[in-house]
Amino acid sequence: MSSYSGSTRTLLEAVRASLSRAVQYNVNVMVAPAAVLWADPDGQWTALVEMLRGVMAELITLGEYDAESRTGPAIWLRCVIEPDVRTDKFPDMDWPAETVPVIYMPGVSRQILRAVEECPDSHKPLVELQYRGTVWTQKNGKDWTVRAFLVSDDGGLGLEVAEDKQTLQAMLGALSQLAVTPIERLRGKVLEAEDFDKLMIGDAPRDLLLWLSDPDGTRARWDSQTWSAFCNRCNQDYDFDPVADGELIGGEKLGLRQHAWFGAWERFAESPMSYAGIPDLLRRAKPKGELTFDKEPWPDVNDSMEDSLRTALLAVGSMKPAEARERLIELDKEHGSRRGWVWAQLGQCPLAVALKHLTVLADRASTVVGGDTTDTMAKVYTAGAYLADDAVLQALACVKAAADVAAVQAVIRSVYMPWLDDTALNFQKCLEAQSLSSVSEQDAMSTVAGDCILFVDGLRFDLGQRLADLAGERKMQASVRWRWAALPTVTATAKPAVTPVADQVVGKALDSDFCPESRDSGKKLIADRLRQLLKNCGYEVLGSDDTGDPQAKDARAWTECGEFDKLGHSLQGKLAAQVDLQLAQLLDRLRSLLDAGWKRVRVVTDHGWFLVPGGTPKAELPKYLVESRWARCASIKDSSHVDVPVAGWFWNPLERFAHAPGIQCFTGGNEYAHGGVSLQECVIPVLMVSGTGIQSPATVSVTDVHWAGLRCRVKIEPAVEGLSADIRTKPNVAGSSITDPKALDSDGKAALLVADESLEGTTISVVIVDGAGKVLCKEATTVGGDR
């Protein structure tokens, strides 16, 4: 299945998205990569790079110095990527501070940079960037070729392209046209030379848009015959003369969308990023005077409406909740249609997109979550009230500019914050009458052979629901239920409660760190001791990338992934921008565990949290009354009396702790907080995730592995249709492949070539995989050596 869909409509957009994906990193534990290195040993991507320059100011190229095309030698590139040097010496080379530069290197392979001693002196300034930066490569570490990107199901477009020489030549010759052809038009067939040749034949709407986007550059790329044919088609099809009328008249006609020009507009709307110059052209070409035409085609009209919406949202911040909710619905009627405009695809109406989620918030926050008991409130919350929390995160994730963030924040504080506080106060009142489940009353986190438990710190209920939905889209089966978090809702207390060794944990005296003890040793249950308890009970404790041995007798495992809580504490309100990346990492982890052979993955978490941009009110609790004081909870001194709510510790209800009333915090400056008592902190998800389970895997074994130089010949028995052979450094990790997987023939045989000579002598595994990518068997061997 392709990695791209939805807003990624062309090869040009897919490459840009892939380059953006290459720079993703954990902002809490890593610094941004210095640069993305784009190796292109055969210069295949040159035509597409020229097209990307108009939409990627951060794209710079290795070559002879040319300021206009942002091209220069390696030492110049090293200077340009340093922000201070760039600002001081190269003010024209400007891109947003948070954007990572991309260095395109035609004629250079990654292998050249890795072999430092053999690397040309002219390239050596770039060598250290492969360690301080990142390299845009396939999952197996190979440089992306055009064909590889087109056909790859793992990071590419998942198209079918013939392998013959003629097809390759035609594909590269048509790259400029291929780059802006909608991907969906290329699916459903094996693309051959003829298909790429047809792209070179006149495509009037595409050619018109390319010329309007870059008149001088496009004209320079066309020969006189092509230019003459283009002008004739424009006169015949569009009643437009490129020479006599010029691009401004063409831009006006495109914006007016009349007659044949409507079809040209529709083509533009299919892939607006492919025609980077058109938005500016439309700004310059809009007719003067009263707007007697529709508003959608004109970007300055959209800009004006965004400004108006920003002002209106800021005003909502000063309204009472009921009035604010009504106003949001009115604003959505006015601005909601802009989410379907082409400018939304280009990220130019973030507030209109955020408004969609703010109206969901208005709806869900119209009623405070009620109920006479904590269980009743939890049922109402999990039935749909949690969507108010989700809407806040979604709205915040839509905006980046400070002015837009301020507008969305104003709405959230007006509509969400009172609802959140009232709901928390109601919940705390219910808790006074009936405590949450104790350690003896909670459901045991039991497992069966073949189960792996995946612990995610701070997976709030709404994010658990999102994760389950995304897993379903990735062809996994996922169910969600809820349970109570242990009180107080901090990791030291709550994490042991969701482990399968909870019955071996006890609580005696409540200490300042809220940490229980091991029943056997009496020692505090720090992370290392918890892992040892799991190992003692037969659980394989896996590292963050390990998949363990699911085929072992009575196999059970524990692993951890995700950093919602860690990022929340460090980023506060900016956590919202990291949620999608965290969920994507969790999906990849789930997929890798299931692909490795685990029958089910149970996803558990310790606690939830709430997020209020701009911060929460502060509750007064003098330090002399407590042993420790955290954001939302405090350990009380034995002889102290406090004027804030108290509750029983999960591990020993006789031990009491203080918690802040409503959504207040004992410490100031908190946008993100947990440790207290609210539905958002206490109701946590439990997911059960499994594969589709459609078919039992075939039983085969590798009977022969023979090396002839770097070519490996493999045979399996029995011969089964639909299987492939691969060579990997990590058997269960497809991304560790060092060759191109080959289908086994009717005799169960395949020949695999390792192209990288530097891998000779490396210990690897020959693996046999089925059509779903599941590893059926493996055989250890050495590259270049006989079995």
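# Briefing on a predicted model: cores, sheets and charged pairs

Ile 329 lies in helix α18 (residues 321–335); helices are DSSP runs of H or I with at least four residues, strands are runs of E with at least two, and both are numbered from the N terminus. This is a predicted model, in which local features need pLDDT of at least 70 and side-chain atom pairs count only at pLDDT 80 or more, while totals for chains, interfaces and linings use all residues. Residues are numbered from 1 along each chain as its sequence is written, and side-chain values use heavy atoms, with hydrogens and water left out.

- Ile 329 counts as partly exposed because its relative accessibility is 44%; buried means under 20% relative accessible area, exposed over 50%, and partly exposed in between, with a 1.4 Å probe and protein chains only.
- The C-alpha atoms of Ile 329 and Gln 348 are separated by 21 Å, and the two residues are 19 residues apart along the chain.

**Nonpolar cores**

- In soluble globular proteins, nonpolar side chains tend to be buried together.
- A nonpolar core is a set of buried Ala, Val, Leu, Ile, Met, Phe, Trp, Tyr and Cys residues joined through side-chain atoms within 4.5 Å.
- The largest nonpolar core has 116 residues, and those with the most contacts inside it are Leu 313, Leu 358, Leu 361, Val 408, Leu 467, Leu 586 and Val 603.
- Helix α23 (residues 402–433) contributes the largest share of this core, 13 residues.
- Leaving aside neighbours within four places in sequence, Val 408 is in contact with Leu 351, Ala 354, Leu 358, Ala 395, Leu 396 and Val 399; contact means heavy atoms within 4.5 Å.
- A second, separate core of 74 residues includes Val 23, Val 49, Met 56 and Cys 234.

**Strand β14 and its partners**

- Strand β14 (residues 600–604) is largely enclosed by the rest of the structure, because 4 of its 5 residues are buried.
- Strand β8 (residues 451–457) and β14 run parallel and are joined by 5 bridges; two strands pair if DSSP finds at least two bridges between them.
- Phe 455 has Val 604 in β14 as its bridge partner.
- Strand β21 (residues 683–690) pairs with β14 in the antiparallel sense over 4 bridges, and the bridge partner of Val 601 in β21 is Val 689.

**The open sheet β22-β23-β26**

- In the order β22-β23-β26, 3 strands form an open sheet with antiparallel pairing.
- Its edge strands, β22 (701–708) and β26 (749–753), each pair on one side only.
- From one strand to the next, the twist averages 20 degrees; axes are lines fitted to C-alpha atoms, for helices over the stretch in contact, and angles run from 0 to 180 degrees between N-to-C directions.
- Strand β23 (residues 711–717) pairs with β26 in the antiparallel sense over 5 bridges, and Arg 711 has Leu 753 in β26 as its bridge partner.

**Salt bridges**

- The structure holds 39 salt bridges, each being a side-chain nitrogen of Lys or Arg within 4 Å of a carboxyl oxygen of Asp or Glu.
- The side chains of Asp 203 and Arg 267 meet in a salt bridge at 2.7 Å, N to O.
- This pair links distant parts of the chain, 64 residues apart: Asp 203 is in the loop between α10 (193–200) and α11 (204–213), and Arg 267 is in helix α15 (residues 260–270).
- Asp 203 counts as buried at 18% relative accessibility, and Arg 267 counts as buried at 7%.
- A network of salt bridges links Arg 185, Asp 203, Arg 206, Asp 207, Arg 267 and Glu 270.
- Lys 495 and Glu 560 meet through their side chains in a salt bridge at 2.9 Å, N to O.
- The Lys 495 pair also links distant parts of the chain, with Lys 495 in helix α25 (residues 491–497) and Glu 560 in strand β13 (residues 556–563), 65 residues apart.
- Lys 495 is buried, with a relative accessible area of 11%, whereas Glu 560 is partly exposed, with 28%.
- Lys 508 and Glu 517 form a salt bridge through their side chains at 4.0 Å, N to O, and Glu 517 is buried, with a relative accessible area of 14%.

- Asp 389 is in helix α22 (residues 387–397).
- Asp 389 is buried yet has no salt bridge, and the nearest side chain of opposite charge, Arg 460, is 4.7 Å away; Lys and Arg count as positive and Asp and Glu as negative, while His and the chain ends are not counted.
- Beyond its neighbours within four places in sequence, Asp 389 is in contact with residues including Tyr 381, Tyr 416, Trp 419, Arg 460 and Gln 680.
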